[in-house]
Amino acid sequence: MRFTIITPCLNREKFIAEAIESVLAQQYHDIEHWIIDGGSKDKTLEIVSSYPHLRVLSEPDRGVYDAFNKGLDRATGAAVIFLNSDDLLTPGTLALAQQIFQNALGTQIISGGCEIFRRTDAGKEIKMHCYDDPKQNQLNFRNVTLGYPNINARIFRRSVFDKLGRFDLAYAIASDRELLMRAALQNIPDAPVANILYRYQWHEGSLTMNAGNTSLSRAQREGLTLIAGFLARPALTDEQRTILRQWRRECVSTDVMIQVMNRRFRQAAGLFWPMVWRDGLLPLTLFRLGLLAIGRRIRTRYRLYRAEHGA
């Protein structure tokens, strides 16, 4: 079974080699690895050229999802994985996926576990978050809205995109979630597994993993646009509408917290008060998400302290 790996990149000289090596470490015999470069000006293309097995397209694009679409248009593998240029596949991922697809013929998507890690200045790895519960990783409408889409930890039969089409470029950050929402509504069968298939690397340039950054705020606004569009669909069930309204509260609450962290108190108030009049449950959601965010920050700082002090 051939796997097509699609890696979008732009000026990733610090990370791209490690991503490529994580694919080579699979020791899997039938891999097609596309590097879709947006026109890098650093040493990215020089590094990529040192790997003769890679297929490379370098031209201006409209971002990550445009690169994904270009890769899909060129993919010849029976299954597709989206590997970001700063992330890693875990050893054995392809062998496991091949076994699952072979033994479960109706499976169209493998929904795996993933983890987020970072490295200290001394190069020591710290695991920040881990998502390895198959019930939470399973492809369903609740998980891909209220949970985490984690599209990179999912392995798709290429035929899935014949049914779904491509990533919608109207969403610069949330297009992966929009595609998975469409997949969930079409009940595309998946096989959720507890295995960690993918490792997201946290760093200063991470698009949506840095609390308080503008990209994370934009993701919440795109989420609200998605919600409005899906709520307008007459075919949605009452349960799905309830899920979307809950997600709307979470998007607004998250954006309020981002604005507060950036000391944009007027913007935070402008988000909070109009929504409170529409949905009285917003304060409870804000309180709950605030506690979770504080807990995550304390845990991360504790792990950093232990790593830096050799605990």
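Reader: Why is Cys251 called buried?

Author: In this predicted model, Cys251 has a relative accessible area of 2%. Buried means under 20%, so Cys251 counts as buried.

Reader: What makes Cys130 partly exposed?

Author: The relative accessible area of Cys130 is 32%.

Reader: Why is Gln201 called buried?

Author: Gln201 is found in strand S9. Its relative accessibility is 6%, and the limit for buried is under 20%, so Gln201 counts as buried.

Reader: What makes the approach of Gln201 to Arg119 a polar contact?

Author: The side chains of Gln201 and Arg119 are joined at 2.9 Å. A polar contact needs N or O atoms within 3.5 Å, one able to donate a hydrogen and the other to accept it, so this pair is called a polar contact. A polar atom of the Gln201 side chain also lies 3.0 Å from the backbone oxygen of Asp86. As for Phe15, it is 186 residues from Gln201 along the chain, and the two C-alpha atoms are separated by 9.5 Å.

Reader: How do you know that strand S9 pairs with strand S5?

Author: Pairing takes at least two bridges. Two bridges join S5 (residues 88-89) to S9 (residues 190-201), so the strands count as paired. They run antiparallel, and Leu88 has Arg199 as its bridge partner in S9.

Reader: What joins strand S6 to S9?

Author: Eight bridges join S6 (residues 109-119) to S9, and these strands run parallel. Here Glu115 stands opposite Arg199.

Reader: Why is Thr90 called buried?

Author: Thr90 is found in the loop between S5 and helix H4. Its relative accessible area is 9%, and the limit is under 20%, so Thr90 is buried. The Thr90 side chain reaches the backbone oxygen of Ile196 at 2.6 Å. Residues touched by Thr90 include Gln26, Leu197 and Tyr198.

Reader: How do you know that the span of helix H9 is close to the expected one?

Author: H9 (residues 214-231) has 18 residues, and its first and last C-alpha atoms are 26 Å apart. Among the buried residues of H9 are Leu216, Gly223, Leu226 and Ile227. Helix H8 (175-185) and helix H10 (238-261) are included in what covers the buried residues of H9.

Reader: Which residues touch the most other members of the largest nonpolar core?

Author: That core has 38 residues, and those touching the most other members are Phe82, Phe156, Phe161, Phe167, Met181, Leu244 and Trp247. Elements that each supply at least two residues include strand S2, helix H3, H8, H9 and H10. H8 gives the largest share, five residues. Another core, of 26 residues, lies apart and includes Ala19, Leu89, Ile110 and Leu197.

Reader: What does Trp247 touch?

Author: Not counting residues up to four places away in sequence, Trp247 touches residues including Arg177, Met181, Gly223 and Leu226.

Methods
Residues are numbered from 1 along each chain as its sequence is written. This is a predicted model: local features need pLDDT of at least 70, side-chain atom pairs count only at pLDDT 80 or more; totals for chains, interfaces and linings use all residues. Side-chain values use heavy atoms; hydrogens and water are left out. Buried means under 20% relative accessible area, exposed over 50%, partly exposed in between (1.4 Å probe, protein chains only). Helices (H or I, at least four residues) and strands (E, at least two) are DSSP runs, numbered from the N terminus. The expected span of a helix is 1.5 Å times one less than its number of residues. Contact means heavy atoms within 4.5 Å. A nonpolar core is a set of buried Ala, Val, Leu, Ile, Met, Phe, Trp, Tyr and Cys residues joined through side-chain atoms within 4.5 Å.
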